[in-house]
Amino acid sequence: MKALVYRGPGKKSWEDVPDATVQDPTDVVVRVDTTTICGTDLHILQGDVAAVTEGRILGHEAVGTVTEIGDSVKGFAVGDRVLVPAITKCGRCEYCQRGMPSHCQTVGGIGWIFGHLIDGTQAELVRVPYADTSLYAVPDNVTNEQAIFLADSLPTGYEVGVLAGNVRPGNTVAVVGAGAVGLSAILTMGLWGAAKVIAVDSNKFRLEKALEFGATDAVEVGPGTVADVIALTDGLGVDVSIEAVGYPETLLTAASLVRPGGTIANIGVHGTPVELPMQDMWIQNVTVTMGLVDTVSIPTLLKMVASGRIPAEKMGTHTFTFDQMDEAYRVFESAAANSALKVIINPS
Ligand SMILES: [Zn+2]
Ligand SMILES: [Zn+2]
């Protein structure tokens with residue numbers, strides 16, 4: 001089979017590798033019909049994720065068709081159309097039992113294993129461990145181009161942004177960073193009835209998309225960003241401030257927007273320490289949340305996509321074939337400049 005193989009920092013190649021096969025009775029093999037690229041894949045290629053070693057097949061998002069099943073798999077059969085989520089879960093360990101499979105102890109202490117601890121989804125075939133507890137059947141009226149964004153980006157925006165931020169009806173919410181994940185938070189926020197959703201970004205294309213995805217206001221980053229956002233509230237700041245970038249400056253911006261008693265929900269993947277102004281924040285009764293997605297909201301999101309309430313397909317702006325993997329990465333690496341959000345990659 002062909003697969004995108006990590007060859008050390010800055011290097012990857014679409015090459016022939018041995019076919020994925022069932023290794024454990026709880027495995028299935030899935031033929032990948034649609035995959036995509038995540039910002040995390042770019043971090044890996046920069047050499048930022050030490051656990052990813054040379055020779056690893058990249059990718060942790062896919063929609064595909066089951067081609068082979070292990071002896072103990074009961075819930076899926078050959079030919080089933082399935083969503084392969086970013087998180088793999090055994091369903092039995094303490095963290096799975098408490099609804100936090102992001103830390104599934106059985107699969108390695110972290111639920112994100114595809115393209116990280118085991119071979120990933122940017123390939124013609126992928127081996128899926130713990131298939132019964134990890135895979136989701138895709139309803140007939142949900143397309144591959146919709147379902148693919150439920151593997152990671154939509155659940156991340158929804159769980160780590162909207163749910164962790166505790167968005168409630170009537171709230172005013174700021175989303176700092178309107179890339180794929182910030183926009184995923186905006187796209188799913190309507191479910192909780194926020195009265196005002198303020199998108200903050202430096203890129204005009206992303207701000208336009210944010211308004212199209214359900215934001216009520218767009219603030220372009222400039223010298224007066226914080227004052228501009230506060231002016232859109234009752235003067236006290238936002239109820240929920242979502243950070244979806246992962247830099248110290250953007251988290252500090254998110255922190256300065258929140259009102260007393262509000263929540264700062266950090267989604268961004270940070271690479272350096274951030275100094276929060278605790279001397280000002282301690283007296284504000286502010287909650288700060290952060291974390292890796294559990295993908296436990298996928299059944300909910302699948303229903304909302306199937307019923308037309310969440311137009312997930314809007315996340316996909318560019319489509320490529322497996323042969324164009326390099327070009328897909330090139331476009332995604334400069335997503336804002338290319339007016340790209342997420343890319344869709346199909347076999348042909
Ligand atoms: Zn990801
Ligand atoms: Zn587990």
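Which protein donors does the zinc ion (ligand 1) have?

## The zinc ion (ligand 1)

Its protein donors, in this predicted model, are Cys38 (SG), His60 (NE2) and Asp152 (OD), which lie 1.8 to 2.2 Å from the ion; donors are N, O and S atoms within 2.8 Å of the metal (3.2 Å for Na, K and Ca), and since water is not among the atoms, sites may look incomplete. Along the sequence these residues follow the spacing C-x21-H-x91-D. Cys38, in the loop between strand 3 (28–35) and helix 1 (39–45), and Asp152, in the loop between helix 4 (144–147) and helix 5 (153–163), link distant parts of the chain, being 114 residues apart. Helices (H or I, at least four residues) and strands (E, at least two) are DSSP runs numbered from the N terminus. Both Cys38 and Asp152 are buried, that is, under 20% relative accessible area, with exposed meaning over 50% and partly exposed in between (1.4 Å probe, protein chains only).

## The zinc ion (ligand 2)

Here the protein donors are Cys90 (SG), Cys93 (SG), Cys96 (SG) and Cys104 (SG), at 2.3 to 2.4 Å from the ion, and their spacing along the chain is C-x2-C-x2-C-x7-C. Cys90 is buried at 7% relative accessible area, and Cys93 also counts as buried, at 10%.

## Basis of the model

Residues are numbered from 1 along each chain as its sequence is written, while chains are lettered from A and ligands numbered from 1 in the order in which they are written. Local features need pLDDT of at least 70, side-chain atom pairs count only at pLDDT 80 or more, and totals for chains, interfaces and linings use all residues, while side-chain values use heavy atoms, leaving out hydrogens and water.
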